[in-house]
Amino acid sequence: MPPDHAPFRPGRRAVLGGLLGTLALTGCGALNSKPKVREWNLFGGGDGARLLQIHQQYVAEHPDVAFEAHTLAWGPPFYTKLAMSAAGGRSPEVATLHLSRLKGFSPTTMLDPIPVDLLNAAGVQQSDFLPATWDRCVVDGKLYAVPLDQHPFVLYYNTEICKKAGLLGPDGKIKPVKGVTPFLDMLRAVKDVTGKYAVSVDTTSPWRLWYTLYGQLEGEFFNEDSTQLVLDDAKALEALDLIAKLASEGLTPRSANYAALVAMFTNGDAGMSFNGEWEVTTYQTAKMPFSMAPFPVVYDVPKFQGDSHTFVLPHQAHRNADDTKATIEYIAWMLKHSVEWAAGGHIPAYQPVAKSPEYLELKPQAEYRSTAPNVLYDPDAWFSGSGAQLENESAAAFSGIAAGQITPKAALAQFKAATQKLLDTPSPV
Amino acid sequence: MAVETPPRVTPGTPPTAAKAGTEQPWKERWGGLFFVAPFLLLFVLFMLWPIVSGLWNSFFNTSLAGVKHEFLGLQNWRDLFGDPAVWSSLKNTLVFTAMSTPPLVIIALVMALLANRKGLLGWLLRFSYFAPFVLPATVVTLIWVWIYQPGFGLVNGLLTAGGFAEIDWLNTENRAMLAVVITTVWWTVGFNFLLYLAALQGIPAQVYEAAAIDGANGRQQLFRITLPLLSRTTGLIVVLQLVASLKIFDQIYLMTTGGPNHATRPIIMYIYETGFTSYRIGYASAISYLFFAIIVIVAVAQFKLFSGRGEAE
Amino acid sequence: MTTATLPASTKPSRPVRWTFPKAASAVGAVILAVIWLIPLLWALDTSLKPEPETTRAPITWLPEAPTADAYRSVIDQGDLIRWFFNSTIVSVLVTTLTLVVSVLAAYGFSRTKFPGRKVLFGLIIAGILVPPQVLIVPLFQEMTGLGLVDTYWGMVLPQVVAPVMVFVLKKFFDGISRDYEDAARVDGASRWRIVWSVMVPMSRPILVAVGIFTFIGAWNNFLWPFIVTTDPSMMTIPVGLANVQGSYGLRYAQIMASAVLGGLPLLIVYALFQRHVVRGVGDAGIKG
């Protein structure tokens, strides 16, 4: 066999050379010197579509910024990627983060502090936020997050059904109730009208409802430094018993997942719905008669489980000053335009917008704004927060309660054991 | 035993001893290392080093967040044996392996017997059986999640059309693993099929001709000649398949993310979750090593089993 | 250029007699092929439907009014083209580097002698036993330290370490007669030159076969690129598709359109090079 090799080597070299050239080009990023802002978020649903529209407006108004937004899958996939990218040092300029997860995200190593002077220069001050919200964004004396919104657990009600049940006041809004008995009476009245259920709930994940009720009983979860579980068994059980009672009386379904929660309220099987406020667009699109109100104060104090979406600067090994400046200006722009975001249900964290006539005119989105100072965040721990392990363990333990598969007492024991195991796991942050 | 491997190069002459060159002794003695060096460098950097640093990390509480790196001694290893999630994910891995290996071997054999023909039909059959194997895991799972979709997916559409009840395949505890196995068989059986096909094509035609002269019918030829001659190939395929199945991650992560209720979570996914979602690099390294040990034991056991039966392929 | 060990080519062609078992096996083969193609066809079918038709019950078999809308929206979103570009760069680099580095090493182990050669070869062979999956955690840490997270090199370099390739090629080189080399040496060729002008041309078929397999493997590799890329604009097709599926919501025609586009390149490559692929599996028996 005669070796025939003549064209072989130069050919490969040319290919390789070309490839390396391409790599060098793409490696440097854009050749022009526009500041770049890459944003990652986790809004895959209706709020994501809204965000896309807002971003289109931002891009149109900022031709001088190389802007790029990416939506990653909600929950663990998003947070895992964000953490890995921060560890890798080439993270995006800005990302969304649930405020409840800030401390568990190891802000001092995984995030870069927000330059407050730049934020002020962009027209956003500390005084523009509720103090309680702002304080949660500060770790070790440095600001690590800028809150965009708050999203409490609320009450949705079908105005036609509730009118028939005699629950609406002369202004057409639902009459507030306080205390367990009036609460149950209200639900029974709704059930009499629908003939099916009073309220649609997500029985597979009762965390939001349970933590709201437990919070209204002024129950504590962890001790001051989050090293011990100090759950008040009596209060925790009282809340769980109420959830069991709602299901056994047929006021709520015995088994319903999130999709069913939305469907039952839409088709009138339930005259009310307990949920976060982000489904407002869904029900508006369905053109159904509904409104929203704060979740009733069933027990002692007004507390409503919720969270807050914030903007953070994931840690970059080599942070570019121009990019950072453009990023802070992007955040400020988003805050000032958050009335469009608020139309999707979330309460603006930026008070100039929260007090603006445009927001106050939004119906029903402005109806539950009073709950903002009483939003109850998930307990403080590295394994806690929206979509994190503690919520998953509560879902595993509590999901059988409504169906009667597990007693509240046994469910509480399972949940406490699981939480204790998480507490015993050495914290990685 | 007949040769089953396909045609390959024949040594023209037996290897001769290296001819004493005219080069200098130093160059002659060490020059060979130069050829090995690039591979060796990468091998050390991206295989040996992570093996060593992984073992090292397994004795520390190293965190992805970069805030901790304290010596723990054997703590991670002790925790590992008391962690039910390790054992349940290991069990899921073994269940997947046990469920997926038999069909992946048997269907591959049937396909090879059916497709061992020339002409356009043979080409079309080979194309159809192997085509899924060239697709990325994500494409495969996007298609199958859609096929399993309750309400308007293909499988449930056929079930309801046939008067059966719908099954929420990927969200039902004892159906989800089966659904993953079906997808995996569809996706990867083509590779084993090709191995069998190559072996079949290596069986000399004379063997069949001699059998035909002796009056053996097709059935006898299949069971008396073909299948016995394929036994070594079957051994090879079982070895490769067991090790491949134990490494399951892609399909399950993409189809069920280990759910429902962790019922399909394999060990590699638990390593991923521990190391990257929960930041516990040290502990995840320890779990990796447990799994590594299992793979090595399986592979070495199989090597012992099959070595001595001709050259290893 | 390969000489068959078996005189397969001298096999006299037997007259085809269609008997019942033969016909039955042909029918069985075709039925199995159709079953195997249905998921692909169903994906294609769905991708050509308008969105509302995809979620209709009972299901419709063929689109009532076929449309390419789904493809248009998927391509307009832009990411797919970027990922296609990334996949191409990564796969070409992995394939080229794997071949170059493995050929050199195989030659070194097959044809040269240096102290420690046997030990090194044994070490590399032991590397065949190491599943890349168990290295993801330390390897990611290493990439963090080297600053290679979210880079092409970070994706490529670990995939280039393929001990099995060195093993297969060394075995193959061992079978090549030394006469050709000796002749070349007499002509004054260096060993470096011998590798490229004697060994490589003589092993071209097996190099093509393992090259195609390396390419398919690199193109489809999910786990490692999934670990080492976090930036969506650096992702390869398999990783990118996995991360955006959530942002499509419930738009099945679009999801299937992206699946079809993501799978098409390699289906075409496979259809064109089927002969080499089939033979590559037989020759090397590599990968699992």
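**A walk through chains A, B and C**

The centres of domain 1 of chain A and domain 2 of chain A, taken over C-alpha atoms, lie 30 Å apart. Keep in mind from the start that this is a predicted model. Domain 1 of chain A comes in two stretches, 36-148 and 308-360, while domain 2 covers 151-305. Nine residues of domain 1 of chain A and six residues of domain 2 of chain A make up the contact.

How much area is buried between domain 1 of chain A and domain 2 of chain A? It's about 610 Å², with carbon and sulfur atoms giving 53% of that. On the side of domain 1 of chain A that touches domain 2, you'll find two nonpolar, six polar and one charged residues. Between these two domains of chain A there are zero salt bridges, but two residue pairs are in polar contact, both residues at pLDDT 80 or more.

Now hop over to chains B and C. Their contact takes 112 residues from chain B and 114 residues from chain C. Together the two chains bury about 10000 Å², and 74% of this area comes from carbon and sulfur atoms. On chain B, Phe35(B), Phe39(B) and Trp146(B) are the ones to click on: they supply 9% of the area that chain B buries against chain C, more than any other three residues.

Which helix gives the most to the side of chain B that touches chain C? That's helix H1 of chain B, residues 25-57, with 25 residues. Sorted by class, this side of chain B has 76 nonpolar, 22 polar and 14 charged residues.

One residue of chain B is worth a zoom. Ser285(B) sits in helix H13 of chain B, which runs over residues 281-306. Is Ser285(B) buried or exposed? It counts as buried, because its relative accessibility is 1%, and the cut-off for buried is under 20%. The side chain of Ser285(B) reaches the backbone oxygen of Ile281(B) at 2.8 Å. Leaving out residues up to four places away in sequence, Ser285(B) touches Gly54(B), Asn57(B) and Ser58(B), plus Val137(C) from the partner chain.

That brings us to chain C itself. Chain C has 15 helices and zero strands, and 58% of its 288 residues count as buried. Look at contacts in chain C between residues at least 6 apart in sequence, and 74% of them join residues at least 24 apart.

Chain C also splits into two domains, domain 1 (22-67) and domain 2 (74-284). Their centres, over C-alpha atoms, are separated by 33 Å. Here eight residues of domain 1 of chain C meet seven residues of domain 2 of chain C. The two domains of chain C bury about 630 Å² between them, 77% of it on carbon and sulfur atoms. Three residues, Ala43(C), Ser47(C) and Glu51(C), supply 58% of the area that domain 1 of chain C buries against domain 2, more than any other three residues.

H1(C) has the largest share, four residues.

Note on methods: Residues numbered from 1 in each chain as written. Chains lettered and ligands numbered in written order. Predicted model: local features only at pLDDT ≥ 70, side-chain atom pairs only at ≥ 80, totals over all residues. Heavy atoms only, no water. Domains from an automatic or database assignment. Contact = heavy atoms within 4.5 Å. Buried area = accessible area lost by both parts, 1.4 Å probe. Salt bridge = Lys/Arg side-chain N within 4 Å of Asp/Glu carboxyl O. Polar contact = N/O pair within 3.5 Å; in protein donor to acceptor, adjacent residues only side chain to side chain. Nonpolar A, V, L, I, M, F, W, Y, C, P; charged D, E, K, R; others polar. Helix = DSSP H or I, 4+ residues; strand = E, 2+ residues; numbered from the N terminus. Buried < 20%, exposed > 50% of the residue type's maximum accessible area, 1.4 Å probe, protein only.
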